[in-house]
Amino acid sequence: MMKKTVSTWAVLLPLVLVLATRSAGAAGAAEPTPPPDTVRLTILHLNDVYQFQPTARNRGGLSRVATLKQQALKESPHVLTLLAGDTLSPSVESSAEVAGEALKGKQMIDAWNALGLDYSTVGNHEFDFGDDVLRARLQQSRFPWLGANVMSVKSGQVFDGLKAWDLRDVGGVKVGIFGVVLPETQTSSKPGKDTRITPYCEAAKRSVDELRAAGAQFVLGLTHLTVEQDRELVRCVRVDLIIGGHDHDRVEETVAGTPIFKLDEDAIDLGRVTLDLDAKTGAVKKLAWKVIPITSKTPDDAAFDAQMKPYAPLLATLAERIGRSPVALEARSAQNRMGETNLGSFLADAFREAMGADVALVNGGAIRADRVLPAGTMTRRELYSLMPYRNELVVLMVKGAVLRAALENGVSLSSLDGKPPGRFPQVSGLRFTYDLRKAPGARVTKVEVKGKPLDDAAVYRLATLSFVAQGNDGYSMFKDLPAVPRGLDVSPWEALGTAFRTGKPAPRAKPQGRITVIGAPRGGLRAHPTMK
C-alpha cells in the first residue's frame, strides 16, 4: 500500500529536489556522477525482516540484498545499510532449537553481520525474549544498535548495549543518526522491570540537540514507530530524513518538510535513497528514492551464503514432513483477530484434547503465519509458522464467571473499523455471542458450554497458552490462578504435530458457528491490511 502527502519540500530547500523514483526492475541504472563540491550518500534500508532466506513466494532473501549492496559499493564509496527495527522475533527460525538451545534471533544477527549492516534501531519484537537475550544479541552484533528512548530505571542511562545516537563522517560531511521505538513496546512485548520505553519526541529532541552540538550537518531518524507517530516526531523536532519501520506498508510522505520512507516486511523490497549533500554545509542538494524488488532475478552473494552455511541443517529440518491437513487453513492474522476461523477452532480443539480440558481459549494474536496454508502436506516450518512464539499449554480451574470475564476481555477492543485486537479469543468446547453495539465489558450476551448455558458458579477446566495464563493481552483474571499440575509439559507444537499426524482432531473446512457477533455490517468486520 502506498501512502503519499503533498510535498512542501521544494519551498524549504534552496535547490531542486527529486523524490521517489521507483525502479521496475532489479537494481536499475547506476546513478550519474555527482557534481563538484558534492558528497553522495547512498542509503540502503529495510525494516521488519524476520528471516534471512526468501519467503514462501520466493521474494526477499538477505543473500540477494548482499548482492545489491556490493553493486551499490561499486558505484559509490559512501553507502550506509540500515534496518529500522524488528528482526529477532517472531519467526520460525527464532523458535527453533540448535543443539538443544533455542536460537531466539541469533541466526538473524549472524545474517546481519554477514551482510555488513551499519545500523539498526530496536523494534518492539527485539524485546520478545526479554532483556537478557536482547543484551546477548547486542553483544554479538558487529554494528551499533540505536534506541534513544529505551532507558534503564536504575542507571538513568540508555539500555546497556544501545546507543541513543551516533555520528559518522561521510566524505567530510558529518552525518548524525538516532533511533527510537514505539512506546507500546512496554506492554506489547517483554522488556524487563528495569527497562522503560520513554516518550519518543523527548528522546528525539535530546538526541538531535546533542548531535547538532557534536557538529552533525545532516540528521537522520531511524525509527520503529507507526506512521502517525513518525508524523508527530517530525513536527516536534527538525530532522532531515526519517527511515522507518513497523507498519509493514510502503510509505512515501513529506511532513513538515521531512521525507518519511518505509517498506513492507521480510526484505521483499530494498529501499535506496540517493542523497547529494553540499560538501561544506551538508545541505541536501538532491534526493531520490527508489524501491528495488528482491526477486529470483537477483543472484545470491557467495560470501554471504558461506557465512550462513552452519544453518543449512536447520533449514533441512524445517522442511521435514510432520503430517497433513485435509483442508486449507485460514492463518491470516487479521481474520484470526476478528472472528472464528477454521484454524482458530482447530488450534483450540487440539489444545483442549491434548490437555483433557472442558474448554480452550487461544488469543488470536498468537497465530502469526499471516497467510492461507493450502491443504496437503504440513512441514515442520509450517507448524512453527502458525505459532512461532515459545509457549506452553496449561490447564486452569476457572469459575464460569471468570471464563465470562475472559470472553469479555477478548472482545473488548473489537470494533467496526479499528485494528483487530490480538486478544480476540478462538475457542473450543463453548459457543458465545457478543454485541458490538454494547460497551466493552458488557458485550457478551450468551455463553454455552457443551450445549448448556454457562454456570457462573461452576468450575471448568480451561486449556490455554502460558502467555494468556500469565495475564497478558488483558487476561488479568487468570494471572493469579495456579496451573493444574501435570506429569509432563505439553507445548502447542507437540499438540498440533500430533493432530496433523493422526488426524485427530481434524480441522474443518469452515468455521463451526462458535462465535456470533451482533452489530457487524453485512459481510462482516473489515480486515486491517497488516498485523505487527
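Does Thr226 count as buried or exposed, and at what relative accessibility? In this predicted model, Thr226 has 16% relative accessibility and therefore counts as buried. Thr226 sits in the loop between strand 11 and helix 8. Apart from residues up to four places away in sequence, Thr226 touches His246, Asp247 and Lys262.

**Helix 7**

Helix 7 covers residues 200-213. Its 14 residues should span 20 Å at 1.5 Å a residue, and the end C-alpha atoms are 20 Å apart, so the two values agree. The buried residues of helix 7 are Tyr200, Cys201, Ala203, Ala204, Ser207, Val208 and Leu211. They are on the same side of helix 7, because they cover an arc of only 160° around the axis. Glu202, Asp209 and Ala213 are exposed and lie on the face turned away from that buried side.

Just after helix 7, Gly215 adopts a positive phi of about 105°.

**The disulfide**

The model has one disulfide. Cys201 and Cys236 form this bond, with their sulfur atoms 2.2 Å apart. The torsion about the S-S bond is about -100°, so the disulfide is left-handed. Cys201 belongs to helix 7 and Cys236 to helix 8, so the pair ties together parts that are 35 residues apart in sequence.

| Residue | Relative accessible area | Class |
|---|---|---|
| Cys201 | 14% | buried |
| Cys236 | 23% | partly exposed |
| Thr226 | 16% | buried |
| Ser63 | 6% | buried |

The cut-off for a buried residue is under 20% relative accessible area. At 23%, Cys236 is therefore partly exposed, whereas Cys201 at 14% is buried.

**Ser63 and helix 2**

Ser63 lies in helix 2 (residues 62-75). With a relative accessible area of 6%, Ser63 is buried. What does the side chain of Ser63 make a polar contact with? The partner is the side chain of Asp305, at 2.8 Å. Beyond its neighbours within four places in sequence, Ser63 is in contact with Phe52, Pro299, Asp300, Asp301, Phe304 and Asp305.

**Nonpolar cores**

In soluble globular proteins, nonpolar side chains tend to be buried together. The largest nonpolar core here has 98 residues. Leu62, Trp112, Leu233, Phe351 and Met387 have the most contacts inside this core. Helix 12 (residues 342-355) gives the most to the core, with seven residues. A second core of 28 residues is separate and includes Leu403, Val411, Phe424 and Tyr434.

Which residues surround Leu62, leaving aside its neighbours within four places in sequence? Leu62 is in contact with Leu46, Val49, Phe52, Met108, Ala111, Trp112, Leu115, Ala267 and Phe304. Trp112 in this list is also one of the residues with the most contacts inside the largest core. Phe52 and Phe304 are in contact with Leu62 and also with Ser63.

Conventions: Residues numbered from 1 in each chain as written. Predicted model: local features only at pLDDT ≥ 70, side-chain atom pairs only at ≥ 80, totals over all residues. Heavy atoms only, no water. Core = buried A, V, L, I, M, F, W, Y, C linked by side-chain atoms within 4.5 Å. Buried < 20%, exposed > 50% of the residue type's maximum accessible area, 1.4 Å probe, protein only. Helix = DSSP H or I, 4+ residues; strand = E, 2+ residues; numbered from the N terminus. Contact = heavy atoms within 4.5 Å. Expected span 1.5 Å × (residues − 1). Arc of directions from axis to C-beta. Polar contact = N/O pair within 3.5 Å; in protein donor to acceptor, adjacent residues only side chain to side chain. Disulfide = S-S within 2.5 Å.
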